[in-house]
Amino acid sequence: MNTRTTAATAVLTAALLLTACSGPPHTAATSASRSPGSGSPSSGSPSAGSAGGSKTGEEARNGGTVVKINKVHEVDGIFMEGGTKSAGAEAKYVALEAVVLNGTKSGMDLTCSPLIVSSLIDDQGRRYDAIDGLDKIPGNPECDERLQPGSKDQMVFAYRVPESAKIKAWEFSESDREPSTIDLSGITPT
């Protein structure tokens, strides 16, 4: 798994960087300088930055699922099986490179029928769902590939959001549990 993980991370990073630089010169500069935490805090986001939340680079637990966000990318398009998928006019993708540890008692599918429910949250408290086709992102587990108990794997969670969205947090939970929050404010995307 280490070879696959290393190769997947290299492919994803290269794909995201190439995609960020594939637009007109002003687009590449804008993509590289975006910051999820820029802007003033808003009281309209009850979960973002809530007490007990984790930060990027720290492990966060929800039930038996443990997630650590390693990197945040904001790009105009994302490389997927079959080519680059553009975010479109006035939109961007936010991609979170993560490691997921399955501490439950059964296997979990991370891409097609996920046990983990997640939302990306902006400074206005708006919640964004992950894009369809997470299994089509290079390096992500295939559809119905089960992450077995006690195992961990690399995962990229990707979201399409308005270009003006200022991302503050990421929430995840197992089925009916209260969500756990990872604070993304102040993070400079790569």
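# Briefing on a predicted protein chain

In the protein chain, 75% of the contacts with a separation of 6 or more are between residues 24 or more positions apart. The model is a predicted one. The chain has two helices and 13 strands, and buried residues make up 47% of its 190 residues.

**The five-stranded sheet**

- Five strands form an open sheet with mixed pairing, in the order β1-β13-β12-β8-β9.
- The edge strands of this sheet are β1 (54–55) and β9 (127–128), each of which pairs on one side only.
- Two bridges join β1 to strand β13 (residues 180–183), and this pair runs in the parallel sense.
- Lys55 has Asp183 in β13 as its bridge partner.
- Ser119 has its place in strand β8, and Ser119 is buried because its relative accessible area of 12% is under the 20% cut-off.
- Residues up to four places away in sequence aside, Ser119 touches Arg127, Tyr128, Tyr159, Ala169, Trp170 and Glu171.

**Strands β6 and β11**

- Strand β6 (residues 91–102) and β11 run antiparallel and are joined by eleven bridges.
- Val94 stands opposite Tyr159 in β11.
- Strand β11 (residues 152–162) is mostly covered, with eight of its eleven residues buried.
- Met155 has its place in strand β11, and the relative accessible area of Met155 is 1%, so this residue counts as buried.
- Neighbours within four places in sequence aside, the contacts of Met155 are Leu96, Glu97, Ala98, Val100, Leu110, Thr111, Leu134, Asn140 and Pro141.
- Met155 and Ile137 are 18 residues apart along the chain, and their C-alpha atoms are separated by 9.2 Å.

**The disulfide**

- The count of disulfides comes to one.
- A disulfide is a covalent bond between the sulfur atoms of two cysteines.
- Here the bond is formed by Cys112 and Cys143, with their sulfur atoms 2.0 Å apart.
- This pair links distant parts of the chain, 31 residues apart: Cys112 is in the loop between β7 (108–109) and β8, and Cys143 is in the loop between β9 and β10 (146–147).
- Cys112 is partly exposed, at a relative accessible area of 33%.
- Cys143 also counts as partly exposed, at 35% relative accessibility.

**The largest pocket**

- The volume of the largest pocket is about 230 Å³.
- The largest pocket is lined by 14 residues, and the closest to its centre are Pro114, Ile116, Ser118, Ala130 and Leu134.
- Strand β8 (residues 116–122) gives the most to this lining, with three residues.
- Sorted by class, the lining of the largest pocket holds eight nonpolar, three polar and three charged residues.

**The loop between β9 and β10**

- Ile131 is found in the loop between β9 and β10.
- Ile131 counts as buried, because its relative accessibility is 11% and the cut-off for buried is under 20%.
- Ile131 touches Met80, Tyr93, Ala158, Tyr159 and Arg160, if residues up to four places away in sequence are not counted.
- Ile131 and Arg160 are 29 residues apart in sequence, and the distance between them in space is 6.6 Å, C-alpha to C-alpha.
- Asp144 lies in the loop between β9 and β10 as well, but counts as exposed, at 52% relative accessibility.

**Residues with positive phi**

- Most residues other than glycine have a negative phi.
- Asp144 is not a glycine, yet has a positive phi of about 70 degrees.
- Glu90 is not a glycine either, and its phi is positive at about 55 degrees.
- Glu90 has its place in the loop between β5 (83–86) and β6.
- With 68% relative accessibility, Glu90 counts as exposed, since exposed means over 50%.

Definitions and conventions: Residues are numbered from 1 along each chain as its sequence is written. This is a predicted model: local features need pLDDT of at least 70, side-chain atom pairs count only at pLDDT 80 or more; totals for chains, interfaces and linings use all residues. Side-chain values use heavy atoms; hydrogens and water are left out. On a 1 Å grid over the protein atoms alone, a cavity is a set of points where a 1.4 Å probe fits but cannot get out, and a pocket is an open set with protein on both sides within 12 Å along at least five of seven lines; lining residues have an atom within 4 Å of a point. Grid points are joined across faces, edges and corners, and a volume is the space filled by probe spheres set on the points. Helices (H or I, at least four residues) and strands (E, at least two) are DSSP runs, numbered from the N terminus. Ala, Val, Leu, Ile, Met, Phe, Trp, Tyr, Cys and Pro count as nonpolar, Asp, Glu, Lys and Arg as charged, and the others, Gly among them, as polar. Buried means under 20% relative accessible area, exposed over 50%, partly exposed in between (1.4 Å probe, protein chains only). Two strands pair if DSSP finds at least two bridges between them. A disulfide is a pair of cysteine sulfur atoms within 2.5 Å. Contact means heavy atoms within 4.5 Å.
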